[in-house]
Amino acid sequence: MDNKMLYHIGFSKEDLGKFPPEIALLSGDPQRANFIAQTYLQDVRILSENRGLHSYLGYLPNGKKILSATSGMGAPSLSIVVNELVQVGIRQIIRIGTCGSIQPHISVGSIVISKGALCRQGAANDIAPVEYPAIADPFLTVALVKAAQELKIEHYLGITASVDTFYEGQERTNSANPYLILSLERIT
């Protein structure tokens with residue numbers, strides 16, 4: 001691949017330096033990516049704020065280079081960003097964001113490490129057959145669990161679901177559309 005700037009993320013492989021990071025922390029919210037970069041990384045440099053997709057390059061306290069970036073909202077935008085991050089050399093992506101829970105013992109603000117996901121959104125159909133299991137990298141999953149244990153952070157390990165709609169797809173009847181499609185009732 002040449003070192004041209006990629007259209008959506010707004011930076012090139014060359015912008016990552018001689019020893020580029022292999023890991024990206026990816027969130028939907030630009031403010032969350034900025035918060036992660038400013039709070040947990042050192043020597044932070046803004047790579048791009050192109051198209052509302054903010055990317056920050058910095059270092060962990062152990063000196064490892066890492067990227068904190070945004071994907072925007074939804075699977076279609078996420079697929080674009082992930083594709084371009086892989087093109088610039090990123091090999092592991094840790095999605096950091098919000099999720100709901102159907103488990104009553106998992107409260108708001110809990111840390112959930114997903115070992116796999118149900119793909120209930122259309123973008124996944126363009127990437128792999130419906131039957132293909134959406135399973136996280138088992139080695140990365142174990143590393144995240146070990147890190148949470150070492151830091152004594154309460155966490156939950158489980159299977160999550162990805163849906164295209166925030167309100168209807170998650171059975172939120174307090175939306176502008178109070179009529180839930182019958183096939184979606186009790187699906188989450």
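In which sense do E2 and strand E3 pair, and over how many bridges? I looked this up first. E2 and E3 (residues 53–59) run antiparallel, with 6 bridges. Two strands pair if DSSP finds at least two bridges between them. Strands (E, at least two residues) and helices (H or I, at least four) are DSSP runs, numbered from the N terminus. I also noted that Ser 48 stands opposite Ser 55 in E3.

Basis of the entries: the model is predicted, local features need pLDDT of at least 70, side-chain atom pairs count only at pLDDT 80 or more, and totals for chains, interfaces and linings use all residues. Residues are numbered from 1 along each chain as its sequence is written, and side-chain values use heavy atoms, without hydrogens and water.

Next, the sheet. I find 5 strands in an open, mixed sheet, ordered E2-E3-E4-E1-E5. E2 (42–50) and E5 (92–95) each have a single partner strand, so one side of each lacks a neighbour in the sheet. Neighbouring strands are turned by 20° against each other on average, direction ignored.

Then I checked helix H2 (residues 75–87). H2 packs on the sheet and touches E1 (23–27), E3, E4 (65–70) and E5. Contact means heavy atoms within 4.5 Å. The direction of H2 makes about 165° with that of E1. Axes are lines fitted to C-alpha atoms, for helices over the stretch in contact, and angles run from 0 to 180 degrees between N-to-C directions.

Last, aromatics. I searched the whole structure and got 1 aromatic pair. Phe 35 and Tyr 40 have ring centres 6.2 Å apart and planes at 80°, so I logged the pair as edge-to-face. Rings of Phe, Tyr and Trp (its six-membered ring) pair if their centres lie within 6.5 Å; planes under 30 degrees apart count as stacked, over 60 as edge-to-face and the rest as tilted.
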